[in-house]
Amino acid sequence: MGKKEAEVFHKQAMSFLGQGEVQRAVEFFDKAINLDEDFFPAWNNKGIALLELKKYEQALDCFEQVIRINPLDRMVWYNKGYTLFMLKKYDESVTALDNFLYTYSKDDDAFYKYASYLYANGLYHLKEYDKAAKIIRGLLVKDENFVEAQELLDHITKNQE
């Protein structure tokens, strides 16, 4: 048993996840990880499944494993930043999201847009209003219908008055 079997369990877990059977998916991700503890796709996807279950601390542990195994994985920094944001660890969230934004070159896609929004939201919670406002204004230039960004800018503006 090893990597091939781990891949089979991972594939089954992804199927369960796609069917909305999140807890069952976690069980199969665990089976894959038990066979190959360095199989980072299973760690990452288990973390995503745990996010769906709102088990943020456990999800964070999974993303830390991905970083240990494959620190150059860009998406794990997004996942970690999002998770830290949900845990209200804004300083750490901003750092992780900054790492993602620095290494992720597709500034026109949804991940970059939402990561930028979370980054600005983290800065807002850290009372760095000017930096947050600048980022949000940039997002609104690209997408004037980004409702969450407009709402955050309204909050920032109220706090700057």
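Buried, exposed and paired: reading the helices

Mentor: In this predicted model, Glu64 and Lys80 join their side chains in a salt bridge, with 2.8 Å from N to O.

Trainee: What makes the contact of Glu64 and Lys80 a salt bridge?

Mentor: The cut-off is a Lys or Arg side-chain nitrogen within 4 Å of an Asp or Glu carboxyl oxygen. The N to O value for Glu64 and Lys80 is 2.8 Å, so the pair qualifies. Glu64 belongs to helix H4 and Lys80 to helix H5, 16 residues apart, and the pair links distant parts of the chain.

Trainee: Why is Lys80 called buried?

Mentor: Buried means under 20% relative accessible area. Lys80 has 13%, so Lys80 counts as buried.

Trainee: How many salt bridges does a search of the whole structure find?

Mentor: The search finds 6. Another one of them joins the side chains of Asp30 and Lys46, at 2.6 Å from N to O. Asp30 is in helix H2 and Lys46 in helix H3. Asp30 is partly exposed at 28%, whereas Lys46 is buried at 14%.

Trainee: Which side-chain contact does Asn45 make with His10, and why does it count as polar?

Mentor: The two side chains are joined at 2.9 Å, and a polar contact needs N or O atoms within 3.5 Å, so the value passes. Asn45 is found in helix H3 and is buried, at 13%. Beyond its neighbours within four places in sequence, Asn45 touches His10, Met14 and Phe29.

Trainee: How do you know that the buried residues of H1 share a side?

Mentor: Those residues are Ala6, His10, Ala13, Phe16 and Leu17. They span an arc of only 120° around the axis, which means they lie on the same side of H1. They pack against helix H2 (22–35) and helix H3 (40–52). The face turned away from them carries the exposed residues Lys4, Lys11 and Gly18.

Trainee: What is the confidence in the protein?

Mentor: The average pLDDT is 94, and 98% of the residues score at least 70.

Key: Residues numbered from 1 in each chain as written. Predicted model: local features only at pLDDT ≥ 70, side-chain atom pairs only at ≥ 80, totals over all residues. Heavy atoms only, no water. pLDDT = per-residue confidence, 0-100. Buried < 20%, exposed > 50% of the residue type's maximum accessible area, 1.4 Å probe, protein only. Helix = DSSP H or I, 4+ residues; strand = E, 2+ residues; numbered from the N terminus. Arc of directions from axis to C-beta. Contact = heavy atoms within 4.5 Å. Polar contact = N/O pair within 3.5 Å; in protein donor to acceptor, adjacent residues only side chain to side chain.
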